[in-house]
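Please consult the sequence and the structure alongside the text.

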Amino acid sequence: MDVGKITIVPTSETSKKQPPPVPLPPPRVEWFQMKMILFVERNGPECLSSARAKICFSNNNLSDEGLRSLLEVLLNFNLHIAQLQLSGNDLTSSSMTALADFLMQCPSTNPLWELHLSHNRIEAASVQQFFRVVNRDKRFPPVRDNRGKREHFVVHLNNNLIENPGRLIQACK
């Protein structure tokens, strides 16, 4: 049995195939979910509506599946996330699709301000697709102050599988 997965073994000797492993959320995601539940129990769910959270899961070996688990937890709590740090988690291009879906599902009128994705395995094509989705959302670029001034949406992508960052920046505008 692998850590983080459950394998169900059939009891019949005649079974030809074992079902695929069922992934469990990484331990740190489960820990975070429990901390959020306790926080809401102590402070009430309304406390999250005015929060501007900085979520740091950098260097936690999340991988793509772990990121999906984390994003699901974040959506369930309807938390406004100002900054999401995911550097050094072995994330690939499929994580960019999950992040784009997450941003579109976030009900917040004030979306994510900053996304840290450095030191992963993300390719330029998925970044370009991510920004196609983000650029269609009227909430971006985000408003960061009470005066209604729009600021840049900052995405840190250094040390990924991006060969020509200059070309990527131009393509994402």
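## Cysteines

A residue is called buried under 20% relative accessible area, exposed over 50%, and partly exposed in between. The model discussed here is predicted. C56 has a relative accessibility of 45%, so C56 counts as partly exposed. C106, at 16%, is therefore classed as buried.

A disulfide is a covalent bond between the sulfur atoms of two cysteines. The structure contains zero disulfides.

## Nonpolar core

The largest nonpolar core comprises 43 residues, and L86 and F130 have the most contacts inside it. Two or more residues of this core come from each of the helices α1 (27-43), α2 (63-77), α3 (93-105), α4 (124-136) and α5 (165-172), and likewise from the strands β3 (53-56) and β4 (81-85).

F130 has a relative accessibility of 1% and is buried. When residues up to four places away in sequence are left out, F130 touches M96, L99, A100, L103, L115, F153 and V155.

## Aromatic pairs

How many aromatic pairs does a search of the whole structure find? The search returns four. In one of them, the ring centres of F32 and F57 are 5.6 Å apart and the planes stand at 90°, so the pair is edge-to-face. F32 belongs to helix α1, whereas F57 lies in the loop between β3 and α2; the pair therefore ties together parts that are 25 residues apart in sequence. F32 is buried at 9% relative accessibility, and F57 is buried at 5%.

F130 and F131 also form an edge-to-face pair, with 5.3 Å from centre to centre and 90° between the planes. F131 has a relative accessible area of 14% and is buried. Ring pairs join F130, F131 and F153 in a cluster; F153 is also among the residues that F130 touches.

## Backbone with positive phi

Most residues other than glycine have a negative phi. Against that background, two residues deserve attention. N59 has a phi near 55°, a positive value in a residue other than glycine. N59 lies in the loop between β3 and α2, and its relative accessible area of 61% makes N59 exposed.

Is S63 located in a helix or in a loop? S63 is found in helix α2. Its phi is near 65°, again positive in a residue other than glycine. With a relative accessibility of 28%, S63 counts as partly exposed.

Key
Residues are numbered from 1 along each chain as its sequence is written. This is a predicted model: local features need pLDDT of at least 70, side-chain atom pairs count only at pLDDT 80 or more; totals for chains, interfaces and linings use all residues. Side-chain values use heavy atoms; hydrogens and water are left out. A nonpolar core is a set of buried Ala, Val, Leu, Ile, Met, Phe, Trp, Tyr and Cys residues joined through side-chain atoms within 4.5 Å. Buried means under 20% relative accessible area, exposed over 50%, partly exposed in between (1.4 Å probe, protein chains only). Helices (H or I, at least four residues) and strands (E, at least two) are DSSP runs, numbered from the N terminus. Contact means heavy atoms within 4.5 Å. A disulfide is a pair of cysteine sulfur atoms within 2.5 Å. Rings of Phe, Tyr and Trp (its six-membered ring) pair if their centres lie within 6.5 Å; planes under 30 degrees apart count as stacked, over 60 as edge-to-face and the rest as tilted.
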